[in-house]
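Please examine the sequence and structure shown below.

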Amino acid sequence: MVSATPRVWRIAAIAVVSAVVIYMLAPLAVVIATSFSASQFLVFPPRGLSLRWYTEVLSSPAYLHAAWTSAWIAVIVTALAVLVGTPAGVALARHHVRGATWWSALFLSPLVLPVVVLGIGLLSVFSKYFGGPSYFAIVIGHLVICLPYVIRTVGAVAVGIDRNAEEAARLMGARWWERYLYVVLPQCRTGILAGGFLAFNISFDDAVVALFLRAPGIETLPLLIYGRLEFSPDPSVAAVSTLLVALTILIVIALERWFGLGRLAH
Amino acid sequence: MPAASAASPRLEAAALIAPGAALLLAAFVLPVLQLLSVSFVAADGSFSLDAYARLISDAFYFGVTARTLRVAALITLITLLLGFPLAYVAARGSPRTALWISVLVITPLLTSVVIRTFGWLVVLGRNGLLAQVLQPLGLVEPGFALMRTETGVVIALAQVLLPFMVLTLIGSIRAVDMRLEEAARTMGAGFGATLARVTIPLSLPGIVGGSLLVFALSISSFITPALVGGPRLPFLAGSIFESATATLDWPFAAAQSALLLLAVLLLFVPVTLLRRERRG
């Protein structure tokens, strides 16, 4: 097929793809490059080469505290998203649920409905009934935006599960929870892992929900970066961003190894 | 075997779905409904449509909405034009090519929007990368910068949203039966004609789906327009944030949210209905 592609088209394709590659990677490359700057100011190309901004970030209480806050919020959100999302993903993929289209639409709607509307809606509810925004509010908000990812990745795996194994377990007298614990869940493992990684990543990276639901004094890493970008960022922002990009790359590798990046396309 | 476990697949499904459904109802549907109800309340607590009247009649806010929609339309077009070739190569190329394109698209996607926008601030700013490339070529004046311009927002936000378009397109191009393309080629159609008359029409679901997704995410986006556009170039999401947190005008923030929500629902409900019908 590819060999039958005329030369002109192949050259055109290579040109367009290369241009898009540069377009996609330029902003990240620029951030990474400026993080190694020796200069006091954020300039591109970076002047001099040093790791001083990394030392600065790793010894800054503000950055470390924000990173810690983002990390524990993301861990709690991931655990809850997996706990709530896995059964829903299994059910939507494997059972004949009445009104399945609408349930899927509800479960996946946080993917397309505006996050600002969720943020402000939760802010309004928390201000009215729960004494204002809080860490708890941020966890709830993140849970809503992470849930669809877990449901989708688990669903993608659950569709392919061998039904006979479950039937066999049933016939051999397994109780319903044994059936899920020993037969269904182990087969969903890769989907649960992928969903968990995505949930962690989304919670850790979110600035919008946290911006609406932060109480005074709450600072997550993306919020800290966002705040500095609004004023005059120094290269330490580039250094901390580069560390986050590195974390993202690790997550991408993990996703490819255990789930397959190709399956994230739909 | 206990009768309950055999006769209750429906109950079982309901039990599996219940926690997630309860969470989404309590933490998503109800807050949004409560927000919408706020939009109909006047300062003295009575029913009123004042917030909506202002949203439509105030030239400033009309401009905000128009800018948001205009930029979203442009971004949708750009991501479609850039995304289709990339998705086509990923869907029809070797597994290795496909993997690299996935990495290329998914790595930025999973990087915080704040960081991706930060990169654009450095590229688009005064003395930024773009100015440094274009000035020696004599294409732009000294002091050129796209920060604080609509063009800058389009360039940055299109990059942020391109992965959604590409991922949607890859799936639908892969679903096109390659034998149909081969048949067209064998019967004398050129590569371009095959693309235009077989591949593109058959991948229309992905083209429509990707466009809707990108348009919806674009009109809802907050971080990139706020940082690249700045305070003098407000977009809908930023304006909602301002009304809610700076001027504390809740009914107005709620009315703008309702407008945004309505726009997104108008885009997606027909598609969901169509899909349901097709499934039977």
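Domain bounds come from an automatic or database domain assignment. Chain A is divided in this way into domain 1 (1–31) and domain 2 (60–264), and the C-alpha centres of these two domains of chain A lie 32 Å apart. This is a predicted model, in which local features need pLDDT of at least 70, side-chain atom pairs count only at pLDDT 80 or more, and totals for chains, interfaces and linings use all residues. Residues are numbered from 1 along each chain as its sequence is written, while chains are lettered from A and ligands numbered from 1 in the order in which they are written.

**Helix packing**

- The axes (lines fitted to C-alpha atoms over the stretch in contact) of helix α3 (residues 61–94) and helix α6 (residues 135–158), both of chain A, come within 6 Å and cross at roughly 40°.
- The contact of α3(A) with α6(A) comprises 21 nonpolar residues, five polar and one charged.

**Nonpolar core**

- A nonpolar core is a set of buried Ala, Val, Leu, Ile, Met, Phe, Trp, Tyr and Cys residues joined through C-beta atoms within 7 Å.
- The largest such core has 171 residues, and those touching the most other members include Ala81(A), Leu143(A) and Leu161(B).
- Helix α8 (residues 150–174) of chain B contributes the largest share of this core, 16 residues.

**Ile32(A)**

- Ile32(A) lies in helix α1 (residues 7–35) of chain A.
- Ile32(A) is partly exposed, because 18 other C-beta atoms lie within 10 Å (20 or more would count as buried, 12 or fewer as exposed).

Methods:
Axes are lines fitted to C-alpha atoms, for helices over the stretch in contact, and angles run from 0 to 180 degrees between N-to-C directions. Helices (H or I, at least four residues) and strands (E, at least two) are DSSP runs, numbered from the N terminus. Ala, Val, Leu, Ile, Met, Phe, Trp, Tyr, Cys and Pro count as nonpolar, Asp, Glu, Lys and Arg as charged, and the others, Gly among them, as polar.
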